Amino acid sequence: MKMKNGSIVCEISVASDAVFVSYVPCNYQSDTIFYAVKRFFARCGKLCRECTFESWQIRIGRKKKKNGHFCYLIPALLMELPGEWVRVAGVINEKGVEVQRIEIFPNYPIPLAA
């Protein structure tokens, strides 16, 4: 799936070894969850702008780091998923956004240790 912000385009994908964990009853298959997350990234204006711009900076060599790790905590309702909160983690690289982990929570989760 492609994300576009102005003239900047990048790809959003799910890693082949991506992890999906649900702490709530969930009848969806993992590929449905992955699609919902990719669709949310592509349609959410702020995330799309930030991610495409960072990927573009890596592509043209303006950023010293090759990969920008991210972890977003998003209300599940916005992705039309069960539960209350969804935590999405991955990397932004020269190709675009690569999602590596998705977790669905029944309530607000304890933040990840840095």
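Tyr23 is partly exposed, with 45% relative accessible area. The model here is predicted.

**Aromatic pairs**

The structure contains 6 aromatic pairs. One of them joins Tyr23 and Phe105: the ring centres lie 5.1 Å apart and the planes meet at 20°, so this pair is stacked. The cut-off for stacking is under 30 degrees between the planes. Tyr23 and Phe105 come from distant parts of the chain, 82 residues apart. Tyr23 sits in the loop between β2 (8-22) and α1 (30-43). Phe105 belongs to strand β5 (residues 96-105). Phe105 counts as buried, because its relative accessibility is 9% and the limit for buried is under 20%.

Another pair is formed by Phe41 and Phe70, and this one is tilted. Its centre-to-centre distance is 5.8 Å, with 50° between the planes. Phe41 is buried at 0% relative accessible area. Phe70 is buried as well, at 9%.

The two pairs described above are set out here.

| Pair | Centre distance | Plane angle | Class |
|---|---|---|---|
| Tyr23 and Phe105 | 5.1 Å | 20° | stacked |
| Phe41 and Phe70 | 5.8 Å | 50° | tilted |

**Cluster**

Which residues form one aromatic cluster? They are Phe41, Phe70 and Tyr72.

Methods
Residues are numbered from 1 along each chain as its sequence is written. This is a predicted model: local features need pLDDT of at least 70, side-chain atom pairs count only at pLDDT 80 or more; totals for chains, interfaces and linings use all residues. Side-chain values use heavy atoms; hydrogens and water are left out. Rings of Phe, Tyr and Trp (its six-membered ring) pair if their centres lie within 6.5 Å; planes under 30 degrees apart count as stacked, over 60 as edge-to-face and the rest as tilted. Helices (H or I, at least four residues) and strands (E, at least two) are DSSP runs, numbered from the N terminus. Buried means under 20% relative accessible area, exposed over 50%, partly exposed in between (1.4 Å probe, protein chains only).
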